[in-house]
Amino acid sequence: MKAAFHLESYLTDGVENIVSGILKATLCNPKESCFMAKYAAQSKRSIKLRQAARKNGQHIPPFLIASITTQCNLHCKGCYARANHSCYDQDSNENAQQLLRAEQWGSIFQEAADLGIGFILLAGGEPFVRRDVLETAGEYTSILFPVFTNGTMFDRDYLELLDRKRNLIPIVSIEGNRETTDARRGAGIYQRLRTALQELHNRQLLFGASVTVTKQNLMEVLSDSFIDELSANGCKAIIYVEYVPVDHRTADLALDDEARKRMAQRLDAVRASRSDMLMIAFPGDEKSSGGCLAAGRGFFHINAFGGAEPCPFSPYSDVNVSDTSLQESLQSPFFQKLRQGYLVREHTGGCALFEQETQVKMLLKEST
């Protein structure tokens, strides 16, 4: 008889494994290791807050994704944000007026900390466009803020901010070697990333890399040579993000079960031999997590205007956190309907909600 899946235990174990992995990766850096030891104590407090909420019949996810801007300076091929019309070269006056202000984000971060949310992934657009929000995030030391960036905006002032606020952890996007990275992100970007990584390494700052994994680059980005090069440049974490198609014409690039299995096996082997680096696959094998973790099961997404969405790849919302609390947003009619079965359905690869886009839109219409 198959054992019952316990979401809370799965998430708690995952958080503890991530914190433990970061601690191991920072042992050779006293300043970073000291900060992470303090954060580990805060993380235990966050877990207790979520466990207390669970006893009261409330589920609080440990993760939150916040897209703090719609502006970006690159045009990467297959960008989901531009495909969803949530990313632009420059914000219009109307858009700029509607973006959440830094103090509003501060209120969100405070509520997240009070609820026991210990990780907030900052994205965009290019999040380094919003220095005001990053400075605000740096004040909330009970939360780790991995900042997903294209790595082209690290100037001296930003490097000094990252040195002072160790809870801001840049996660630099890279696609593989020079040819693969430049093909997706633009000519010359790979060399700019190498320079940026060296600057971070010289200052002994904790940073990681984000790799979008497709069937085409799977073996390249899991190779010893790729991982060794990142490690030599001071990278302490690699987050492998499975490609989610921006339209059905590129669906064949998404990992299927066989490719996902190969990635999991390779990551197990790498983790066994590379204790100095943290390796995370997202979303990973959804069968092991009882289904997709979006819509508040394990995380949810707040867009730059405050809309609470299931995830960045499913940009639909029936509530806005500027006039609704995070706790209330988690219980929105739309999220509740998604959690009643749409997140645990079999799918061929990429994103469960992407494959059910028509049904998701119908649910949203029913919820508003």
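What follows is a chat about the labels used for this predicted model.

Trainee: Let's begin with a loop residue. Where is Asn303 placed?

Mentor: Asn303 is in the loop between strand S8 (301-302) and strand S9 (308-309).

Trainee: Why is Asn303 called buried?

Mentor: Its relative accessible area is 17%, and buried means under 20%, so Asn303 gets the label.

Trainee: What makes the pairing of Asn303 with Glu309 a polar contact?

Mentor: The two side chains come to 2.8 Å, and the cut-off for a pair of N or O atoms is within 3.5 Å, so the pair qualifies. Leaving out residues up to four places away in sequence, Asn303 touches Ser67, Trp105 and Glu309.

Trainee: Are Cys76 and Cys87 buried or exposed, and what makes them so?

Mentor: Buried means under 20%. Cys76 has 14% relative accessibility, so Cys76 counts as buried. Cys87 has a relative accessible area of 5%, so Cys87 is buried too.

Trainee: Now the helices. At what angle do the axes of H8 and H9 cross?

Mentor: Helix H8 (residues 178-185) and helix H9 (residues 189-202) have axes that cross at roughly 110° and come within 8 Å.

Trainee: Why is H8 called roughly perpendicular to H9?

Mentor: The label covers angles of 65 to 115 degrees. The crossing is at roughly 110°, so H8 is roughly perpendicular to H9.

Trainee: Which residues meet there?

Mentor: From H8, Arg178, Thr181, Asp182 and Arg185; from H9, Ile189, Tyr190, Gln191 and Leu193. The residues of this contact divide into three nonpolar, two polar and three charged.

Trainee: Last one: what makes Phe354 buried?

Mentor: Phe354 is in helix H15 (residues 352-355). Its relative accessibility is 11%, and the cut-off is under 20%, so Phe354 counts as buried. The C-alpha atoms of Phe354 and Ser314 are separated by 6.7 Å, with the two residues 40 apart along the chain.

Definitions and conventions
Residues are numbered from 1 along each chain as its sequence is written. This is a predicted model: local features need pLDDT of at least 70, side-chain atom pairs count only at pLDDT 80 or more; totals for chains, interfaces and linings use all residues. Side-chain values use heavy atoms; hydrogens and water are left out. Helices (H or I, at least four residues) and strands (E, at least two) are DSSP runs, numbered from the N terminus. Buried means under 20% relative accessible area, exposed over 50%, partly exposed in between (1.4 Å probe, protein chains only). A polar contact is a pair of N or O atoms within 3.5 Å; within protein, one must be able to donate a hydrogen and the other to accept it, and residues adjacent in sequence count only if both atoms are side-chain atoms. Contact means heavy atoms within 4.5 Å. Axes are lines fitted to C-alpha atoms, for helices over the stretch in contact, and angles run from 0 to 180 degrees between N-to-C directions. Angles under 35 degrees count as roughly parallel, over 145 as roughly antiparallel, 65 to 115 as roughly perpendicular and the rest as oblique. Ala, Val, Leu, Ile, Met, Phe, Trp, Tyr, Cys and Pro count as nonpolar, Asp, Glu, Lys and Arg as charged, and the others, Gly among them, as polar.
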